[in-house]
Amino acid sequence: MARETEVKFPVKNFDEIRKKLKRIRAKRVGGGLEEVWFFDRRNKKLAKHNMQLRVKEWRIRPKTVSTMTLKTPCKKSGTKYKEMKEEE
């Protein structure tokens, strides 16, 4: 089971970020359309246990790739970032 640490940064100016990435010669390595669905029981059993069941579908021409992921909480690590165990 993989461990995922999610770090999000607020971005106010995408053009400035693109300029900085270009300056350091960063290359875009992915892209395409993505659809994400979250599932739970009617009684929200997963959410009550801080769990997520997610299906993602990427349409990257010419193919479509789908994954189903179950995310469960990790033990507290003392970090300010969100950490979950991830099973695909």
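Predicted model: local features only at pLDDT ≥ 70, side-chain atom pairs only at ≥ 80, totals over all residues.
Figure 1. Of the contacts between residues at least 6 apart in sequence, 33% link residues at least 24 apart.

**Figure 2. Overall dimensions of the protein.** The C-alpha trace spans about 45 × 40 × 25 Å along its principal axes. The radius of gyration is 17 Å, whereas a compact globule of 88 residues would have one near 12 Å.

**Figure 3. Burial and surface of the protein.** How much of the protein is buried? Buried residues account for 14% of the 88 residues. The accessible surface comes to about 8300 Å². Carbon and sulfur atoms hold 54% of that surface.

**Figure 4. Charged side chains.** The protein carries 27 positive side chains and 12 negative ones. The centres of these two sets lie 3 Å apart.

**Figure 5. Helix α1, residues 14–23.** Why does this helix lie largely in the open? The number of buried residues among its 10 is zero, so α1 lies largely in the open. An α-helix has 3.6 residues a turn, so residues three or four places apart point the same way.

Figure 6. Asn13 caps the N-terminal end of the helix. A side-chain oxygen of Asn13 lies 3.0 Å from the backbone nitrogen of Asp15. After α1 comes Arg25. The phi of Arg25 is positive, near 60 degrees.

Terms used:
Residues numbered from 1 in each chain as written. Heavy atoms only, no water. Rg over C-alpha atoms; globule rule 2.2 N^0.38 Å. Buried < 20%, exposed > 50% of the residue type's maximum accessible area, 1.4 Å probe, protein only. Contact = heavy atoms within 4.5 Å. Areas by Shrake-Rupley, 256 points an atom, 1.4 Å probe, with all protein chains shown as cover. Lys, Arg positive; Asp, Glu negative; His and termini not counted. Charge placed at Lys NZ, Arg CZ, Asp CG, Glu CD. Helix = DSSP H or I, 4+ residues; strand = E, 2+ residues; numbered from the N terminus. Polar contact = N/O pair within 3.5 Å; in protein donor to acceptor, adjacent residues only side chain to side chain.
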